[in-house]
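This report looks at a few local features of one protein chain. Please have the sequence and the structure at hand while reading.

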Amino acid sequence: GFSIRTESAYVDWIKRYVVFHGKRHPRDLSAAEVAGFLTHLAVDRNSPVIAAALLKRNGHDVLVLERQRFPRFSIGESLLSHCLDFVEEAGMLEAVQAAGFPTTHGAAFAWGERYTEFDFRDKFTEGKGSTYQVLRASFDKVLADDAVRQGVEIRYEEEIIAADFSSERPSLTVRRLNDGHEYQVSCAFVLDGSGYGRVLPRLLDLDLPSTFPVRQALFTHIE
């Protein structure tokens, strides 16, 4: 049998799965619902490597395919304090703390003469009241390196050029960017954590134009 800790972890994930699908009974859910939940972990929780670490910690073999080489530039951001709960659950909080990112307790918004600020410590529920202002390139590298430490395999500078879901196990065609070599990956599930890259929607002709109005933004890094 399993240890009490392992059984508790399984029960917790079953509860999350059921709640995510509107508290429907698991016998009424198919592989598509499982894939939807795993994709939620990868995309909605904001970091594919966090999803990878969570899956690895629950006994799954995980392969991450990344087109770029970390660290790579991405616009930095101020994390919400609740994000650290997911980082901690993935066993990565110690690595993030050791990275030396500046601590922040809130956020401020200014527009002309209008100004509003929020203090994350002023809350009505349990949870962390502070977070970190991160350089996204460094932050992503910290998470990726820690996922590797936990046993996740990450292959950098490799891109998915085709996806086949017609058989029982999905199959991906992968190309190495350094030499053009192509190979196949067969797996139980595929999680698309590419965000705005929309890898699977583009490959499966599911990509639709955005209905949001076109916007522009300016950014800067301040030292």
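Is F101 buried or exposed? F101 has a relative accessible area of 11%, and buried means under 20%, so F101 is buried. The model is a predicted one.

## Aromatic pairs

The structure contains three aromatic pairs. A pair of aromatic rings is described by the distance of the centres and the angle of the planes.

One of the pairs is formed by F70 and Y156, with 5.3 Å from centre to centre and 50° between the planes, and is tilted. F70 sits in the loop between β1 (63-66) and β2 (77-78), while Y156 belongs to strand β7 (residues 153-156), so this pair ties together parts that are 86 residues apart in sequence. Both F70 and Y156 are buried.

F101 and F139 make up another pair: the ring centres are 6.1 Å apart and the planes stand at 65°, so the pair is edge-to-face. Distant parts of the chain are linked here, 38 residues apart, with F101 in the loop between α5 (93-98) and β3 and F139 in helix α6 (residues 136-149). F139 counts as buried because its relative accessibility is 6%.

## T104 in strand β3

T104 is part of strand β3 (residues 103-104). Its relative accessibility is 15%, so T104 counts as buried. The T104 side chain reaches the backbone oxygen of G106 at 3.1 Å.

## The hairpin of β4 and β5

Strands β4 (residues 106-111) and β5 (residues 114-119) pair in the antiparallel sense, over six bridges. Opposite W111 stands R114 in β5. Two residues lie between the strands of this hairpin, and G112 in the turn has a positive phi of about 65°.

Note on methods:
Residues are numbered from 1 along each chain as its sequence is written. This is a predicted model: local features need pLDDT of at least 70, side-chain atom pairs count only at pLDDT 80 or more; totals for chains, interfaces and linings use all residues. Side-chain values use heavy atoms; hydrogens and water are left out. Helices (H or I, at least four residues) and strands (E, at least two) are DSSP runs, numbered from the N terminus. Buried means under 20% relative accessible area, exposed over 50%, partly exposed in between (1.4 Å probe, protein chains only). A polar contact is a pair of N or O atoms within 3.5 Å; within protein, one must be able to donate a hydrogen and the other to accept it, and residues adjacent in sequence count only if both atoms are side-chain atoms. Two strands pair if DSSP finds at least two bridges between them. Rings of Phe, Tyr and Trp (its six-membered ring) pair if their centres lie within 6.5 Å; planes under 30 degrees apart count as stacked, over 60 as edge-to-face and the rest as tilted.
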